[in-house]
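Thank you all for making the time this morning. Before I say anything, please take a moment to look at the structure on the screen.

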Amino acid sequence: MDRPVDVPTAFIDARALIGCRHRLRLEAAHPEALAGISEDAGIRQRRDAAAAHRARVRDALVSAAPDAWVVIDPGLRATARAEATMRACEAGARHIWGGLLPQEPDTGRRGGAEILLRDTDRGGYIPVIVVNHKVTDPRRPEPADFHPTTSDPYRWDPQPDLRRKLRQQPRDQQRLAHLYRMLQRHGLASPSLAGGVIGYDFDCILVHDLALLLADYDQRYADRIAVVRGELPTVPSKVPECRQCPWWSRRSDVAGCESWLVEHRDVSVVAPGSRAEVLRGHGIETIDELAAWTGPDPEDWQHGPFDEAVVTARAWLAGAPLVRRVEQVQVRRADVEVDVDLESFQEHGAYLWGTLLQGVYRPFVTWDPLPTEDEGRSFGEFWTWLMAVRAEAAAAGKTFAAYCYSRTAEDKWLYESARRFAGRPGVPTVEQVRAFVDGPQWVDIFQAVSDQFICPNGKGLKKIAPVAGFAWRDPEASGEASMSWYRRAVGYADAPDMTQRTRLLEYNEDDVRATQVLREWMTTRADAEVPGLTDFCRRSIAT
């Protein structure tokens, strides 16, 4: 059916292929509703950091072989950029930076690649994108079922890479498939069906086989463009990106998703993301329907015991923030206890290791803007102090434990710092870090919470510690907010702001104190204050 002539053509780029379908529809149907809404600070910072990374990669590649590159002027209007890109392709340019491909009014595609690389063997162009996240991790050369293909970023030569393992990044893969289809339309796609990604480390091009991606891409693209054009209906559903979405708590003529979900008692409130998709496949649309479930467990449920999903729904209806899985909550305790929390800035490093010992907060920090060698100094001092406290406890015949909340970040930066600053004063070896984090003295309170509680409202420290009676001093405290505070604290754009340094230290101190309060509550009052499974269960649940 022909669309009315006064309806503007809908275009989407590859960013629309991953994430919330309903957000995509709202932004297409109500663009005016977000007018004047400040962009999330964390999103803005990540975008700025990505732009700076792309500029660094561009400068390095172009300066290495200036005559081999055509750089499309980013200041041109979109139409002029696309025309310049097509001229460069028609002229057979070897490398094109900043290419923008012509928009496609019929399909709705639009997009561009940081690099279009001429396939000198087979003709056409290979799309290469530059991203500000890691796309591979190092590994020891060893037999494996799969080795990623990589190439030197300065010389295209794809080879199996035994020293790296792949990080799955579906967004990157969808973007490459999107660009391939756009190149294909103009007869400019390389027959190799290859695409590449330069990640944060800028140490290789990760090569993807697009033949494996195109069928999924085509299906996904058809769905998303239909959503934007209003040809498919959407409704809210809670997913991880809701935390930073401006539509989550809108207060205007367009209702916010949070209020809609709660009003409709949507099942995704207690079973977000793919969990809700599975439940809807079995006719469970609401929290009430999940709470009333008495049938057999769905065969395609892969998110832990299904009984616990039912209990989660019942607890939400009862207003219970936690449910005990166990008769007696336990946490490993020690004579000497240290709480640890770090603050990092994107992938640049960890600038602050905060500790709490016997009620005294002690930070190990560098205020030199990351990346900086001074980070090694502060990390070495932190590790030296922590190991000294442990050694003193052992010498006195006392037990020792160090606590964190969700060890993923701490473990990552312990290992990263040991590798990056190896040999500097106080910095441990990777083996010493591994011995510590794999041992019983490194205790993750998040894991203790996950093992022993069902958490209808989430497991984050900001969700759980208030149940134990803890409150943060700063009402805006969050990991995302701290990124903006850090930029001002170290003076990336202006003079360093000392008030933001204080704010960061207080935020970090509150995090370690929250961990302490939560740990002590779990081993003293939680058994009496938190209802157990039997309070919500009509049938036996394995614990």
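This is a predicted model: local features need pLDDT of at least 70, side-chain atom pairs count only at pLDDT 80 or more; totals for chains, interfaces and linings use all residues.

Let me begin with the second largest pocket, which has a volume of about 400 Å³. Twenty residues line this pocket, and those closest to its centre are H95, L117, Y154, R155 and W156. Helix 2, strand 3 and strand 7 are the elements that each give two or more residues to the lining, and the largest share, three residues, comes from strand 3. In terms of residue class, the lining of this second largest pocket divides into twelve nonpolar, two polar and six charged residues.

Turning to the cavities, the structure holds five of 30 Å³ or more, and the largest cavity contains about 60 Å³ of space. What lines the largest cavity? Its lining consists of C20, R23, S237, V239, E241, C242, C245, W247, W248 and C257, and by class these are seven nonpolar, one polar and two charged residues.

Finally, I would like to look at strand 10, residues 205–209, where four of the five residues are buried. Strand 10 pairs in the antiparallel sense with strand 6 over three bridges, and within that pairing T150 has L206 as its bridge partner. Strand 9 also runs antiparallel to strand 10, joined by five bridges, with I198 standing opposite I205. Between strand 9 and strand 10 the hairpin has six residues, and in this hairpin F202 takes a positive phi near 50°.

Definitions and conventions
Residues are numbered from 1 along each chain as its sequence is written. Side-chain values use heavy atoms; hydrogens and water are left out. On a 1 Å grid over the protein atoms alone, a cavity is a set of points where a 1.4 Å probe fits but cannot get out, and a pocket is an open set with protein on both sides within 12 Å along at least five of seven lines; lining residues have an atom within 4 Å of a point. Grid points are joined across faces, edges and corners, and a volume is the space filled by probe spheres set on the points. Ala, Val, Leu, Ile, Met, Phe, Trp, Tyr, Cys and Pro count as nonpolar, Asp, Glu, Lys and Arg as charged, and the others, Gly among them, as polar. Buried means under 20% relative accessible area, exposed over 50%, partly exposed in between (1.4 Å probe, protein chains only). Two strands pair if DSSP finds at least two bridges between them.
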